[in-house]
Amino acid sequence: MAQCVQSVQEFIQDSFVPLVAALCSEEAERLTRKNNLSFAELVKPFCRLTSEVHMRDPNNQLHIIKNLKIAVNNIITHPPQPGAIRKLLNDVVSASQPAEGLVANVITAGDYDLNISDRSVKASVPWYSNWKETLMELNTSTFYSATTPWFESYRECFLQSMPASDHEFLNHYVACMLVVSSSEPEPVEQFLKLSQEQHRIQHSNEYLYPKWFIPNTLKYYVLLHDVSTGEEQRADSIYEEMKQRYGTQGCYLLKINSRVSNRGTDEQIPDPWSQYLQKNTIQNQDCYDDCPYTVISNKNTDHLISDGLDSEIKDGLSNNFKTHPLQLDHPSGSLDSTDYVKATASLQDSKKSNSGTPHGACLTLTDHDRIRQFIQEFTFRGLLPHIEKTIRQLNDQLISRKGLSRSLFSATKKWFSGSKVPEKSINELKNTSGLLYPPEAPELQIRKMADLCFLVQHYELAYSCYHTAKKDFLNDQAMLYAAGALEMAAVSAFLQPGAPRPYPAHYMETAIQTYRDICKNMVLAERCVLLSAEILKSQSKYSEAAALLIRLTSEDSDLRSALLLEQAAHCFINMRSPMVRKFAFHMILAGHRFSKAGQKKHALRCYCQAMQVYKGKGWSLAEDHINFTIGRQSFTLRQLDNAVSAFRHILINDSKQPPAQQGAFLREYLYVYKNVTQLSPDGPLPQLPLPYINSSATRVFFGHDRRPAEGEKQAATHVSLDQEYDSESSQQWKELEEQIVSVINKGIIPSNFQPTQFCLNRYSDNSRFPLAVIEEPITVEVSFRNPLKVPLLLTDLSLLWKFQPKDFNAKHDGETKELGTCDDDMIGTEAIAEFLINSEETKVARLKLFPHQTGELHILGVVYNLGTVQGAVTLDGIDPSVGLQTGKFVSNGLSVRGRQDLEIQGPRLNNTKEEKTSIKYGPDRRLDPIITEEMPLLEVFFINFPTGLLCGEIRKAYVEFVNVSKCPLTALKVVSKHPEFFTFGGNTAVLTPLSPSASENCSAYKTVVTDPTSVRTALLSSASSVDFGVGTGGQPEVIHVPLPDAVLLPGASVQLPMWLRGPDEEGVHEINFLFYYESIKRHSKMCHRVLRHTAVICTSRSLHIRATVCRSNALEDEEGRGDSMLVFVDVENINTEDLFQINECC
């Protein structure tokens, strides 16, 4: 069980105290109401004696009573109804909640961290090694305290609300205080009326409640004097008359209200009543403020009894003696389901006064001392002598009736040492529930004497009497009486000083079984369990205590079962070998019963404590159930943030639930989340758990999408998101750009040179801020994954960004703005209307931004509406989400708007010694582009560009350059590692016609020339062999593109011929072209731009020609000179597939 504030001895002693009734006149009650208190409430904080008390037992031996407490209550003539008691107990538990803001007690049992206390203790121990010993040390440590105040409040209220029974006398009144004001016209006559009224209540058949201990009840006469308004001389004279009439030990003059109302308000007087009246006004709970009924729960700390504030008057008395404060005003069947009690107007007024007015406003510290002295005088001079006298009388009666010559106390040895007859088991005994002993029966007199001895802490004599009575009751088969005697005999044996005998746990077991199975009285059985469990816990018998608590759980009371299961769970964690998982399991059971009992806060607390054990252990179904319940309970309690968090955990974990259950979880989450957003519609967008985003796989592309081919026109390949990243290719492009920049800058690469990167991903160098151009789109590719087995529908999906306008040519920057899909004047945002992700699918979305101003852009994440597709539930094992295509989808109407951040971790640093010995990550700035000024934008198209050539074949194609921007470009150049592959012709080249024939020179393997003169002329006039670059060791060569006037204006285009020469080696060749160009206006951030193109050429072998020249002796000219040469040409067709026909050789 959980740790309690009181020790077990203090708990039992305070549970069974002498009861004293209070009967006040109307005037006396009026005096106490000046302090917003009834008379019983007035004396309540002072009812515990601070000094030892002495009395003598029947053997005339001195008996010492320590820390004695009495209970003073107003007389109630009707017992409370069971429904009202249940309502009161429910309210007591509801009102007692864990204090918020305190540090929880953290106990680490291997992998388990249990927060179950109000202090902070931590032990870190490995699993299954020394963690048990560590927990044992914690349990015995003064710093360990896992308290459950709600259980203690319930237990206290339960024991005090038990109605008096005929089989025991512990809840019977021993004495009665008759209280009259000194301002009464005839106080003595008023005392007489009160005495007669008490006699009528006790001895007439009109009243069956309350119960009285003996017929001759002690009457103590109290004269209440108001010091501020009354005449002290008159009060003294009346008191003298009372002493003559009732004796000095039977009356008392109590002076109160010494504080004058016009006194300074700065004087602070303590309020000892608040801690008692707090429990007395449980109806002040917020959860019942709006209900048409309130709970009348005037509960005293010592006994459940009226506070005496009823306004009805009968025969001049303030008490009407008709109704218990827990008595239902309605017929028993009218409010059985709610157990609500309609409050009367007077109680509503007293409730307001109790909550708004301080108590004891007219009392001084001297008055406090007077009340304390009054209780001591009453106990020393009145109550204890009366109890001592009663015990002697009962002892004498028993001796005379038994015919014994010695007192009962000295005869017990003889009774117990005689021959013992084996007792029958409980199953063999019959229930004689109809058996009622007359009041003068010896068996009841023994029980009465035992109860009196128990109330004054004479446990040895009490045990002897209980043991004797138990035998008599068992012989008569009076099982209810026998169970009561067994119960108290066990408690008395435990409380005996010096522990002369061990605690007879089997007595309690028999009593509980008898109460529950034979007498069908669960209230008495529960009292036995509460007492025995506390005793077993004090003896470190946690296993037996847990079994006892669990045994009493049943379906008749969810609240009782919940509290007992929770205490059993604490027993498991307090064992020498703590059973952590049993603790968690029983906390789950307790939470379930708390929920059924309507105790939502306690149910939530139990589930949260159990979650500490189940979390992260791979028990996904158990985690889902607990998180789902926590979410439901939190939502009911309007703890919406906790509810969202709980449902979020269900969705983000790898769930093994079927699709239908996952869909239910998702709908619950969306419903709860929607309620959260409605409470703060203008608040920031919270994070959504679905779908998963692989932030590291995010790719960013700068620029327009590639144009598709148009007929014979083929656009430059450039870069696109559809291309896979190739580190080798990326390095080649970087080297080409460095080469051309070096040539432009006369062999020097500028220190601020930054290679152009069009597409950024996890493999690219993202250490620098990328550059983007104003008015050119930025495309972000986000990878989504749906972990559920139901489809997700994302609507209005767009990027969330933060932008700081900045003029890079000015000194002052603009104001930073964090926006999403608004303020298109700065950043235009493209949204995807619908984005469906099927079950367990990974899908990418490409989202665009259009910057309209220069500055610094930070892409934060994505924002979207999360919903589900209508009817997306698996039926008969078929998932309808399979095969869903993009288009219009019907949502189920339940969607919420939220965001997810793109948090990308940079690469691990491993350069310096410090970085190698620690874990440090570099920056990743792919989502933080800098928007620069306007730059020209070039597009290149290739016309009649062949895909195949013969080795060494020369072919003419055309290149079209288009400036699609709003500013002119210049310094157009191209660089390639294969300069021998192409040329734009010599300086004498003739300009190509604007519309070249698409069918000219279109074959890669067949060349037919009909006019050799024209061919020779074309070759000589367009390109010569020296125009083709010569590759020296694969070094790239920068080639100037001959633009007209060296400038390409905005919107202009130009077509130039390009002569291509097939490589000398056959095969497939990839030839990279890098086009370089600049803006006429120089910019600080971006100096140039590049355009990439990769041409794939397949070359085939053609003819192998070998020429041999020799002088001819046979061929002489007319002058006889032999200058003629013979040329031998060996032509070999090395192409194995095509046939060549030589038409002319010259």
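Strand E28 pairs with strand E31 (residues 1053–1061) in the antiparallel sense over two bridges; pairing requires at least two DSSP bridges between two strands. The model is predicted: local features need pLDDT of at least 70, side-chain atom pairs count only at pLDDT 80 or more, and totals for chains, interfaces and linings use all residues. Residues are numbered from 1 along each chain as its sequence is written, and side-chain values use heavy atoms, leaving out hydrogens and water.

**Sheet**
- Phe982 has Leu1060 in E31 as its bridge partner.
- The open sheet has five strands in the order E12-E24-E26-E31-E28, with antiparallel pairing.
- Strands E12 (713–715) and E28 (982–983) stand at the edges with a single partner strand each, so one side of each lacks a neighbour in the sheet.
- Strands (E, at least two residues) and helices (H or I, at least four) are DSSP runs numbered from the N terminus.

**Nonpolar patch**
- Ile1105, Val1109, Met1125, Val1127, Val1129 and Val1131 form a nonpolar surface patch with about 530 Å² of accessible area together (Shrake-Rupley method, 1.4 Å probe, only the protein chains shown counting as cover).
- Patch residues have over 30% relative accessible area and no salt bridge, with nonpolar side chains joined within 5 Å and like charges within 9 Å.
- E34 (1103–1111) and E35 (1125–1133) each supply at least two patch residues, and E35 gives the largest share, four.
- Val1127, in E35, counts as exposed because its relative accessibility is 53% (exposed is over 50%, buried under 20%, partly exposed in between).

**Glu526**
- Glu526, in helix H17 (residues 522–538), is buried yet has no salt bridge (a Lys or Arg side-chain nitrogen within 4 Å of an Asp or Glu carboxyl oxygen).

Notes:
Buried < 20%, exposed > 50% of the residue type's maximum accessible area, 1.4 Å probe, protein only. Lys, Arg positive; Asp, Glu negative; His and termini not counted.
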